[in-house]
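Please keep the sequence and the model at hand while reading.

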Amino acid sequence: MKIIDCGGMGECLFSSIGYHLKKSGSEVRKEIVNKIRRDCSKIIMAKEKLCCLIRISEQVSIASYCQKMSLSTSSGGEIELFTASILYNKIIEVYQKRGDDFVLNYAYNGNETSKERLRLYYSSGHYQAIID
């Protein structure tokens, strides 16, 4: 596996997903935020509606959360990864390195029927794309 650095400054998660989808990070961010805004009451993550998880974990309304996440300086995380797995119908695997080895840390499969994998590397708060 090879790491592809797709940039940073709040865009790394979105740009890394975009690398795999041949889309810009800003386009991916917009699509994910729109999905959250539109469908958060229908998305179930960790046995809870996504809108409830956002209100509890982020302590803000859905509108405020989406407004914040629309900013290019706002970093994405588990909520955005899970939403992206549903939106793009992909299993999103997040790897870390232990020595020279890539180790699967998380796998997001919001549709549960997805077969195609999209791989990311995460280290020190920064996401990068991984290719074979």
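In which sense do strand E4 and strand E6 pair, and over how many bridges? In this predicted model, E4 (residues 91-98) and E6 (residues 117-123) are parallel and share 5 bridges. Within this pairing, Val94 is placed opposite Leu120 of E6. Strand E4 is also joined to strand E5 (residues 101-108), in the antiparallel sense, by 7 bridges. Here Ile92 faces Tyr108 of E5. The hairpin formed by E4 and E5 has 2 residues between its strands, and Gly99 adopts a positive phi near 65 degrees in it.

The report now turns to the helices. Helix H4 spans residues 62-69, and its buried residues are Ile62, Tyr65, Cys66 and Met69. These residues lie on the same side of H4, because the arc they cover around the axis is only 95 degrees. Ala63 and Gln67, on the other side of H4, are exposed. Against which helices do the buried residues of H4 pack? Their partners are helix H1 (12-21), helix H2 (25-39), helix H3 (50-58) and helix H5 (78-87).

Helix H5 contains Glu80. Although Glu80 is buried, it has no salt bridge. The nearest side chain of opposite charge belongs to Lys68, at a distance of 7.2 Å, whereas a salt bridge requires a side-chain nitrogen of Lys or Arg within 4 Å of a carboxyl oxygen. The side chain of Glu80 does make a polar contact of 2.3 Å with the side chain of Tyr65. When residues up to four places away in sequence are left out, Glu80 touches Leu13, Phe14, Ile32, Ile36, Tyr65 and Met69.

Arg29 is located in helix H2. Is this residue, Arg29, buried or exposed? Arg29 is buried, because its relative accessible area is 3%, and the cut-off for a buried residue is under 20%. The side chain of Arg29 reaches two backbone oxygens, that of Gly10 and that of Leu71. With residues up to four places away in sequence again not counted, Arg29 touches Gly10, Glu11, Phe14, Met69, Ser70, Leu71, Ser72 and Ser74.

| From | To | Distance |
|---|---|---|
| Glu80 side chain | Tyr65 side chain | 2.3 Å |
| Arg29 side chain | Gly10 backbone oxygen | 2.7 Å |
| Arg29 side chain | Leu71 backbone oxygen | 2.9 Å |

Terms used
Residues numbered from 1 in each chain as written. Predicted model: local features only at pLDDT ≥ 70, side-chain atom pairs only at ≥ 80, totals over all residues. Heavy atoms only, no water. Buried < 20%, exposed > 50% of the residue type's maximum accessible area, 1.4 Å probe, protein only. Helix = DSSP H or I, 4+ residues; strand = E, 2+ residues; numbered from the N terminus. Arc of directions from axis to C-beta. Contact = heavy atoms within 4.5 Å. Lys, Arg positive; Asp, Glu negative; His and termini not counted. Polar contact = N/O pair within 3.5 Å; in protein donor to acceptor, adjacent residues only side chain to side chain. Pairing = 2+ DSSP bridges.
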